[in-house]
Amino acid sequence: MFSAAAESFLRQAREIHEEELRRFAGRVSALLQGPEPSAEAAEGLRRLHLTVAATKYPRRLDGKFVELLQTVLCSPKSPEQVQVLCAAILREMSPCNDLILRCDEIQDTKLLSLVSSVLLAQGNKKGEVAAVGQRVVKVLEGRLPEGQSALFLLPVLANVINLSPESLTEEQTDAVSRKLADWLRYASTQQGVTQPSGGFFSSPRTKQPAPVTEVDGAIATDFFTVLSVGQHYTQDQWLNVQAFSMLRNWLLLYGGQEGKAPNPGMDRSVTSMVSTTSTSSRLLPPKEHLREKAFEYCQRLIEQSTRRPLKKDDGDLQRACLIEAVTIMDIICKQDSSYVYRAVSFLKILHGRICGDPTYARALLPIAQFFLNHSKLAAVDLDAIYKHLFTDIPAQLFHNPSLAFEFVQFCKDNSQLFTDTSSIFRQSFPNLFKFLAWNSPPLISEFVDLLPFLLDAGTAIEIFHLLLDLPCLTAALDIQLRAAAFPTSEKATSDPAVKPTTCLEAFRHPLYKSTFQYLLRTKSAPEDTPESLIPLRQLLGSLAGNPRVVQCAEAVPVLLELFFRVVAESADGSLINQLVVLLLQRSDQLYEIPAFKDDVYRVLSSQLPMLCKLHPALVVELSTEILEFSGAVSNIQSKEPIFTHMVWAVGEYLSVSYDKRCTVEQITRFFETLEAVLFEITQLRPLASTPSCAPRAISVLMATLTKLAARSQDLIPRVSMFLSKMRTFVQSPAVTSVYCEEDLEEILIRATELMNLLKMPSVAQFVFNPPMDVASTRLQREVNDSLPLALRMVTHLLEPAPGCTPV
């Protein structure tokens, strides 16, 4: 956030109009045209830069003024501050049609850096990136004049290779590789010379340079790295730091052309000895020479990471450098597999040293990636590494947002490999979902990519439960963190007779302890059942308004829809049956967040027809469960969308056309159950309140009863009589006070059409039980709208319009 003063300056800069900006640029122009730009000119440039940078849209400056800025930028008389401001304004104006800058002849490295920053901001319209790259490499190749430093050019070179890696030739990349190797390996181990301050007590002689030290204060006895400590650094030490910062990208872009595999007949120790010999490394081609020096550098960083730092910031730097060193070693080993044998011994020891330290958790990811990439050559117990990684890290550090993103990204990048080589990955999905539960919505897109790899026949049911309980998991994680921060006495939490009054007390209470443990489990537990979570969901209701819980609940519908899409691709009948039963059971066992329940109902009800279509036989196979669900009038009130789709599926698929096991007795049993439900919600009793059921549910119940009667014609008189009474129902004052006129008219029309259709049993049977050769026509493809269309078509066939010839 900006301070009030800064906000005021920005607001003023944004409100300057074009005419006022033009006049102000004219005043600055006059100040710049003197023999040497003054401090007043520098102040004017600073204000001008703020003005052109304060808005999202580009400001317009006069072409002559832009040309003047370029002239002042390149003038040797211009103070450095003025040159920096001119370059900054030109960058803000980019891309610029009035640009005349060139870098071909510039020798001063500071000026070349500033000019290059302006040219690179143009977007490479006229080959500016290639021109800058050529010039920077040419200057680096030659001997720099006295007082010049390559420090200003390496950031420019890093930008060039990011924007256009192909702009450098192989000869140029070889030359830079040699330079990078020297800067990495041969920087001075002495601190820079301290300049005298000139004060009364200062010595006229400069101090002798002291050696650099390690992070623990010991004198450095090996070569300089980014982890070497000093009060003043030399130019070559700064180049060492810059070279390391761009090393990974350089190796990825230019380090792999000469990669080689080890000779199978050569002993590993011989390979290692040859590659570590300094004399032989100098005879290597440039890219191999850089790999050798980079590998030595990373080895030294790993050794330095074992030292206990004197300052906290140095500890943070140690961990960051360790991650980068392992990543670079992995790249080098991919380019030349002879390095794998040397790297493995270091990384085994490193892993054993840091795996128990949570502060080094992020460093475990590149180590695991290394062993994953080189598992064929590295003889290590990968399962032991993965077990620790997937078990301990998510459980302990799910609340670390940067680690959560990197961990999930690591899983996503290697998900196919994990599913092919190790079962630990899929078994650990309850742990992985802790990252999402605590860090949604930032991780939703990553889990959308990851979820298909976690799903299979063995995990689908448990993942379905976990998705529905994801907001509960968020609440439980919140309680777990609070319990760790505010421990309570064991006496207060160990007495089963004392009922807990808060979630925090319940966390260690014997009544809820096992339930919390199940919800916070670290690996799959398919043998356990989540029914015990019902009281815990009620207990966690006090956290339903927690912002983190609410955000997590918003992610569930997205993942649920993806879950069903993935399941639909490979699920067999047994799995679909299990999911349908769970869908009916769990639809009223959800965390009490109204918006969450509505969204989940929507997803579940929309997926139920898809599951029934995939496996129509489930209506027969699950007849007991479906009868129990559809026979409960309360489900119409609380789960109308799911109830309606389930009743529709009964009417659609309870037929011998879909399952030879379907019997008349089953049809009759379903008919009687649904008839009783429809009677219950449409009967008119004195002093009884009329149930406010959705008109759609009434229509679907009528349609399903008609379909069943068409398949067992003994039932036709019963349903016809029922349908004939619907006119009395819709005209009742008690009903008209509840439903709108359009809904009642729709119910009456549907009842009349169905009753008329049943007067022609053979036609009704054709409509509701078409031969298989017409079962896929539009008449039958429609889900809830198929019946009105069918009725209109039958009416049209039986009572053709004038002039129409029946077919």
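Predicted model: local features only at pLDDT ≥ 70, side-chain atom pairs only at ≥ 80, totals over all residues.

User: Which residues of α2 are buried, and which exposed residues does the face turned away from them carry?

Analyst: The general idea is that an α-helix has 3.6 residues a turn, so residues three or four places apart point the same way. In α2, the buried residues are Leu21, Phe24, Ala25, Val28, Ser29 and Leu32. Because they cover an arc of only 150° around the axis, they lie on the same side of α2. The face turned away from that buried side carries the exposed residues Arg22, Arg27 and Ala30. The buried residues pack against α3, α4 and α5.

User: How many salt bridges does the structure hold, and what does the pair of lysine 110 and glutamate 80 tie together?

Analyst: In general, side chains of opposite charge can pair when their charged atoms come close. The structure holds 32 salt bridges. In one of them, the side chains of lysine 110 and glutamate 80 meet at 3.4 Å, N to O. Lysine 110 lies in helix α6 and glutamate 80 in helix α5, so the pair ties together parts that are 30 residues apart in sequence.

User: Which residues touch the most other members of the largest nonpolar core?

Analyst: They are Leu157 and Phe563, in a core of 250 residues. Helix α30 gives the most to this core, with 12 residues. Among the residues that phenylalanine 563 touches are Leu451, Phe464 and Leu579.

Terms used. Residues numbered from 1 in each chain as written. Heavy atoms only, no water. Core = buried A, V, L, I, M, F, W, Y, C linked by side-chain atoms within 4.5 Å. Buried < 20%, exposed > 50% of the residue type's maximum accessible area, 1.4 Å probe, protein only. Helix = DSSP H or I, 4+ residues; strand = E, 2+ residues; numbered from the N terminus. Contact = heavy atoms within 4.5 Å. Arc of directions from axis to C-beta. Salt bridge = Lys/Arg side-chain N within 4 Å of Asp/Glu carboxyl O.
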